[in-house]
Amino acid sequence: IIANDFGISIIKNGINGAEGLMITNSIIASCKAGIYSEGILSMQVSNCIIDLISEWALHLINSRGVLLTNNCIYTKGNQRIPKDEAIHLESCWDSHITNNNIKCMTGVRAISVIFYSNNNTITNNSIELGNLTGNHITLDPTTSYNLIKDNSIRWSSENNPHLVNQGANNITKDNLHVEN
């Protein structure tokens with residue numbers, strides 16, 4: 001899927017949301033947003049290349065049970081308006097982001113977990129942020145019981161790694177900071 005506003009857009013229609021979706025072995029490139037989902041229950045995204053995205057590689061809202069594993073996720077952003085994020089979780093629960101290679105070139109955050117997103121696990125990812133003043137991972141004050149563990153966070157020598165944890169009962173431990 002190449003050169004669209006949205007690579008894949010899955011939106012809840014009425015009372016029923018989509019359930020049990022699998023997106024595997026796909027290439028999504030040169031889009032405004034790679035995968036946009038709203039109101040999803042149980043979705044697996046694995047072995048995909050989501051590349052050259054200008055805003056959000058994965059923008060997930062009000063979703064539960066999302067598994068993102070073994071993906072290459074790259075955002076190129078917009079040099080004039082650096083607002084891209086590789087992964088954006090908003091009101092998401094019980095999701096697992098594991099074993100991904102994540103690179104966000106111009107955005108202010110590589111991964112954001114916001115607005116009552118709880119019980120999510122972000123582990124064993126390689127995360128790189130090109131913005132020298134941005135945050136690699138941000139958990140806002142409304143979040144709780146998220147686990148951020150064993151990630152390899154890369155940064156250039158000019159900036160410091162940032163893992164902002166403003167929520168209650170979130171666990172952030174054993175993340176390895178590697179200088180480029």
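**Cysteines.** I looked up Cys-31 and found it buried, with a relative accessible area of 2%. Cys-92 is buried too, at a relative accessible area of 0%. I keep in mind that this is a predicted model. Next I asked how many disulfides there are. A disulfide is a covalent bond between the sulfur atoms of two cysteines. The cut-off I used is a pair of cysteine sulfur atoms within 2.5 Å. By this rule I count 0 disulfides.

**Secondary structure.** I then went through the chain for helices and strands. I noted 0 helices and 21 strands.

**The sheet.** Which strands make up the open sheet, and in what order? I wrote down 7 strands, running β2-β5-β8-β11-β14-β17-β20. Their pairing is parallel. At the edges I found β2 (19-24) and β20 (171-173), each of which pairs on one side only. I also looked up the twist, which averages 5 degrees from one strand to the next.

**One pair up close.** I picked β11 and β14 from this sheet. Strand β11 covers residues 96-98, and strand β14 covers residues 121-123. The two pair in the parallel sense over 3 bridges.

**The whole chain.** I finished with totals. The chain has 180 residues, and 47% of them are buried. It exposes about 8300 Å². Carbon and sulfur atoms supply 50% of that area. For contacts, I took those between residues at least 6 apart in sequence. Of these, 64% join residues at least 24 apart.

Terms used. Residues numbered from 1 in each chain as written. Predicted model: local features only at pLDDT ≥ 70, side-chain atom pairs only at ≥ 80, totals over all residues. Heavy atoms only, no water. Buried < 20%, exposed > 50% of the residue type's maximum accessible area, 1.4 Å probe, protein only. Helix = DSSP H or I, 4+ residues; strand = E, 2+ residues; numbered from the N terminus. Contact = heavy atoms within 4.5 Å. Areas by Shrake-Rupley, 256 points an atom, 1.4 Å probe, with all protein chains shown as cover. Pairing = 2+ DSSP bridges. Axes fitted to C-alpha atoms, helices over the stretch in contact; angles between N-to-C directions.
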